[in-house]
Amino acid sequence: MSADTPRRIVLLRHAKAEWTETSDHERPLAERGRKDAPVAGRRLAGAGIIPDLTLCSTSARTRETWKLAVHELPQRPRTVYDERIYEASLGELIALLNETSDEVADLMLVGHNPGVHALADALSGEADGDLLPRMNRSGFPTAALAVLTFNGSWKSVEHGVGRLVAYWTPQD
């Protein structure tokens, strides 16, 4: 696969979590989250999007979201749980994407706000239709998905490199 290969980035914010007495990192999904996470997986499957690699935060709510979403896909992509995604800044998330092997065409990142929303917004140099203003109005709610495309190496991912081609929320 060449460095000029068309690539896709799928960003999934974890589904709705419970507010519990546990640490923030260990918060489980709420009932609504357990309903919304599979919807995200069905959206991906329905759009024919099956990532080659998924990078998932190590928090309980992101792991649970991904576990419920991935069951809706026709095949399970390779998944790497990376503690750097939890509480990552925009710059840290871009640096993480830059580490991706160019053998990966479609990459999914399962993470948290404000990082996931900031990343989708920053990478979106262009957008189909009203997707960008719609995404920014919504604030990237729990279990929302953004799909961006770009051409080039993962090392070239930077502000404005992508085109926002899909954005879904559980209410869509």
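Predicted model: local features only at pLDDT ≥ 70, side-chain atom pairs only at ≥ 80, totals over all residues.

Me: Which residues of H1 are called buried, and what covers them?

Reply: The buried ones in H1 are Gly33, Asp36, Ala37, Pro38, Ala40, Gly41 and Leu44. They are called buried because the term means under 20% relative accessible area. Their cover includes strand E1 (6-13), helix H2 (60-70), strand E4 (106-111), strand E6 (145-151) and strand E7 (162-168). As a general point, residues three or four places apart in an α-helix point the same way. Just after H1 comes Gly48, with a positive phi of about 70 degrees.

Me: Why is Glu87 called exposed, and what stands out in its backbone?

Reply: Glu87 has 64% relative accessibility. Exposed means over 50%, so Glu87 counts as exposed. Its phi is positive, about 60 degrees, although Glu87 is not a glycine. Most residues other than glycine have a negative phi. Glu87 sits in the loop between strand E3 (78-81) and H3.

Me: Is Ala143 buried or exposed, and why?

Reply: The relative accessibility of Ala143 is 4%. The cut-off for buried is under 20%, so Ala143 counts as buried. Ala143 also has a positive phi, about 65 degrees, without being a glycine. Its place is in the loop between H5 and E6.

Me: What makes a set of residues a nonpolar core, and how many residues has the largest one?

Reply: The largest here has 28 residues. Leu11, Leu97, Leu109, Leu123, Phe140 and Ala146 have the most contacts inside it. Elements giving two or more residues to this core include E1, strand E2 (53-56), helix H3 (90-98), helix H4 (115-123) and helix H5 (131-138). Apart from this core lies another, of 16 residues, among them Ile49, Cys56, Trp66 and Ala166.

Me: Which residues is Leu97 in contact with, leaving aside its neighbours within four places in sequence?

Reply: Leu97 is in contact with Ile9, Leu107, Leu109, Leu119, Leu123, Trp154 and Val157.

Me: Why is one space called a cavity and another a pocket?

Reply: In a cavity the probe fits but cannot get out, whereas a pocket is an open set of points, so the names differ. One cavity of 30 Å³ or more is counted. The largest cavity holds about 30 Å³ of space, and the largest pocket about 240 Å³.

Me: What lines the largest cavity, and which residues lie nearest the centre of the largest pocket?

Reply: The cavity is lined by Val39, Ala40, Arg43, Ala143, Leu145, Trp168, Thr169 and Pro170. H1 gives the largest share, three residues. The cavity lining divides into six nonpolar, one polar and one charged. The largest pocket has 16 lining residues, with Arg13, His14, Arg61, His112 and Asn113 nearest its centre. The pocket lining divides into five nonpolar, five polar and six charged.

Me: What kind of peptide bond joins Asn113 and Pro114?

Reply: The bond is cis, with omega about 10 degrees. Most peptide bonds are trans. Pro114 is found in the loop between E4 and H4.

Methods: Residues numbered from 1 in each chain as written. Heavy atoms only, no water. Buried < 20%, exposed > 50% of the residue type's maximum accessible area, 1.4 Å probe, protein only. Helix = DSSP H or I, 4+ residues; strand = E, 2+ residues; numbered from the N terminus. Contact = heavy atoms within 4.5 Å. Core = buried A, V, L, I, M, F, W, Y, C linked by side-chain atoms within 4.5 Å. 1 Å grid on protein atoms, 1.4 Å probe; cavity = no way out; pocket = protein on both sides within 12 Å on 5 of 7 lines; lining within 4 Å. Points joined across faces, edges and corners; volume = space filled by probe spheres on them. Nonpolar A, V, L, I, M, F, W, Y, C, P; charged D, E, K, R; others polar.
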